[in-house]
Amino acid sequence: MRNRRSRLRAVRCLGSLLALSLFGFVAMAADQPSTPAHPAIPDTLQQRIVACTTCHGVHGEGTPGSGYFPRLAGKPAAYLARQMQDFQNGLRKYAPMEYTVRQLSPAYMQEIAEYFATQQVPYSRSPLPPVPATALQRGEQLISKGDPARRIPACASCHGTQFTGVEPSTPGLVGLPYDYISAQLGSWRTHTRATLAPDCMAVVANRLTDSDITAVAAALASRQLPADTHAQAAGSVTPPLPCGVLGATGDTP
Amino acid sequence: MKWLRWLSLLIVVLIVLVLGWLLFGRSGSEPTPPGTSKVTATTLHDPALIAKGEYLATVGDCAGCHTAQGGARYAGGRSLATPFGDIPVPNITPDRETGLGDWSFENFWQALHAGKGRHGELLYPAFSYTSYTKVGHDDALAIFAFLQSLPPVHQPAKPTLLKFPYSVRKSLVAWRALYFTEGEFQPDPAQSPQWNRGAYLVQGLGHCNECHAARDSLGGTPPDVHLTGGQIPMQNWYAPDLSTRQNGGLQGWREQDIVDLLKTGQSARGVAFGPMAGVVANSTQHMTDDDLRAIATYLGSLPPRALPVAEAQLFNADAIVRSGEKIYAQHCAQCHGKDGNGVAGVYPPLNGNSSVTEPTGINATRMILLGGFAPLTASRPRPYSMPPFAQQLSDVEVSAVASYIRRSWANQASVVRPDDVSKYRHTPID
């Protein structure tokens, strides 16, 4: 009975493949006259992108244990699509990501970005390394108010008052692991992460000291999640710096 | 015995000098300026010729090397890593200062056909003139017309970072004597026009032999080695033997399987990945069905190979294969099937897959580590993908499952050792 059902499933799966590729099916049928016990493969985007979800989670929830595979769920679609393009173009450097997305078309990347942008899954917290209270305080100050004397804008001035991001291109920062945030701020300084010029985040990251990065990462990673974790509406913030990803033109200063 | 060493060195130096005289003596070192070229501007501006050249440049996948990551197509600006050092890839857009703006067709022909630059300097064979020498004059002209029609991009070349003695250009005299035979493709009248077209494309513009044959310690492929498969230096992928006959790497592949792989990136026999995925996406998927069939006809005619010598197993293969079976059931069977036959059109078979059974085990190992998407082609715009297992499986586990798939069903390849997995885990991803 079970066997029969799985065979039926296989036949149905082959039927859907027929629609996909008539020729491929005919060729296979000619090769293998008896129906083999093939696994049934759903024709879904989720199934197609297992290369992404293995590390980032089926719903883009991230891998909290590791700290380096960030959450994608609920981040603005244009931001996610832009990151894939940046990996393709070598602006953002991380060999496994560059390898995975190297051939994807803009349309396919947009589809994948929209999939993750619309996922709604609970946030999970990652462990925080021991950070002195003074550093947390300094971090709180930097993320909410910035440091005008050193021309460091507050994270909130672009990423939203609750750090949940702003549509369509600014990612949320709440719920990201400490390791990931500090690694990203560092990579802007070492030119292993960049985006369209003017790259405002590169400017900000270069104005931060090492201890500032620790403080900011700790403050963001330890922050309680707001009740509404959706990105703020488009146009609800006025960025203090020109950003290429937000439509500004020119060179990165 | 010291004098013997000196004598042999003297002989080598003499040979190099004589060869150098023979080769340099015949070539002028003054470039032909475009103004004095036998090819007129009207010819070069012919839209039909340009369109033909664009197709041929695609067949040759010129952009594959001559484009930097995220850079303008054909504008060079990157380096090609070789075991002898980094070689800059030049800008072939018609920019006067940094590209081919001041080149005449005669200069271009000399580069493609004879492997010599505009001033007669010998070119490093990272530029595959060992193959391109077979390209016909008319096709070369079309490619030149196309390249000259591109918008000029100002992009200076990267520095040459070759080690001594390879940094001495004249050392190429000896290299060329060993590995390079200048000459256009000569059709074989005993074969069909289709076979000849396939042979022309595979041996010439397609430059398949540059990857699908082993290179020796001087980076050359001996003249009698043709499409027998080989490890790609620096990139560390294995480009399989392309013969479909007895003991060939593509044994059992039908003409249609070859056409499917080149057209769609997938076939009933396997999927293109690694560097070949780029070749399919940028080049072969755009080829006409006639040309693809011609290639398949030619590959189908490659001679049967001698049976490879079975490698003695150094340790207990059975135990490692048994532990691989469990990992396979847990992580792989879901898509590739317990029978290793995959799902037609979605997931490739591992049973009888030439990339699984190639001699080194590199391909299976690196695919398990990296995963990734099948090539994206016009007929498959939303390909399925494979998870990367680098984060989930240890070296021992990857070696076990790679060994299992290499020795199951009809496969009878050697086992993969954990220290090899460790090596390939750290191979840079190009």
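Against which helices of chain A do the buried residues of H5(A) pack? In this predicted model, in which local features need pLDDT of at least 70 and side-chain atom pairs count only at pLDDT 80 or more, totals for chains, interfaces and linings use all residues. Residues are numbered from 1 along each chain as its sequence is written, while chains are lettered from A and ligands numbered from 1 in the order in which they are written.

The buried residues of H5(A) pack against helix H6 (95–101) and helix H7 (106–117) of chain A, where contact requires that the C-beta atoms of two residues, placed from the backbone, lie within 7 Å. Helices (H or I, at least four residues) and strands (E, at least two) are DSSP runs numbered from the N terminus. Helix H5 of chain A, residues 77–89, has 13 residues and reaches 18 Å from its first C-alpha to its last, close to the 18 Å expected at 1.5 Å a residue, the expected span being 1.5 Å times one less than the number of residues. Among the buried residues of H5(A) are A:Tyr79, A:Leu80, A:Met84 and A:Phe87; a residue is buried if 20 or more other C-beta atoms lie within 10 Å of its own, exposed if 12 or fewer, and partly exposed in between, with C-beta atoms placed from the backbone. Just after H5(A), A:Gly90 takes a positive phi of about 80°.

When residues up to four places away in sequence are not counted, B:Leu147 touches B:Ala57, B:Tyr74, B:Ile92, B:Pro94 and B:Leu100.

The contact between the chains takes 34 residues from chain A and 32 residues from chain B. On the side of chain B that touches chain A, helix H11 (275–282), helix H13 (317–336), strand E8 (372–373) and strand E9 (385–386) of chain B each supply at least two residues. The residues of this side divide into 18 nonpolar, 11 polar and 3 charged, where Ala, Val, Leu, Ile, Met, Phe, Trp, Tyr, Cys and Pro count as nonpolar, Asp, Glu, Lys and Arg as charged, and the others, Gly among them, as polar.

Chain B contains 17 helices and 9 strands. Its radius of gyration, taken over C-alpha atoms, is 23 Å, close to the 22 Å that the globule rule (2.2 Å times the number of residues to the power 0.38) gives for 430 residues, so chain B is as compact as a globular protein of that length. Buried residues make up 44% of the 430 residues in chain B, and of the contacts in chain B between residues at least 6 apart in sequence, 67% join residues at least 24 apart.

In chain B, 3 strands form an open antiparallel sheet in the order E1-E2-E3, two strands being paired if DSSP finds at least two bridges between them. Strand E1 (78–82) and strand E3 (161–162) of chain B stand at the edges, each with a single partner strand, so one side of each is left without a neighbour in the sheet. E1(B) is joined to E2(B) by 5 bridges, with B:Leu80 opposite B:Ile87, and these two strands form a hairpin with 2 residues between them. Strand E2 (residues 85–89) of chain B is joined to E3(B) by 2 bridges, and B:Gly85 stands opposite B:Leu162.

Several backbone features lie in loops. A cis peptide bond, with omega of about 0°, joins A:Glu167 and A:Pro168, and A:Pro168 is found in the loop between helix H9 (156–159) and helix H10 (178–189) of chain A. Another cis peptide bond joins A:Ala197 and A:Pro198, with omega of about -10°. In chain B, B:Leu227 has a positive phi of about 60° although it is not a glycine, and B:Leu227 counts as buried, with 23 C-beta neighbours inside 10 Å. B:Trp409, likewise not a glycine, has a positive phi of about 50°, but counts as partly exposed, with 17 C-beta neighbours inside 10 Å.
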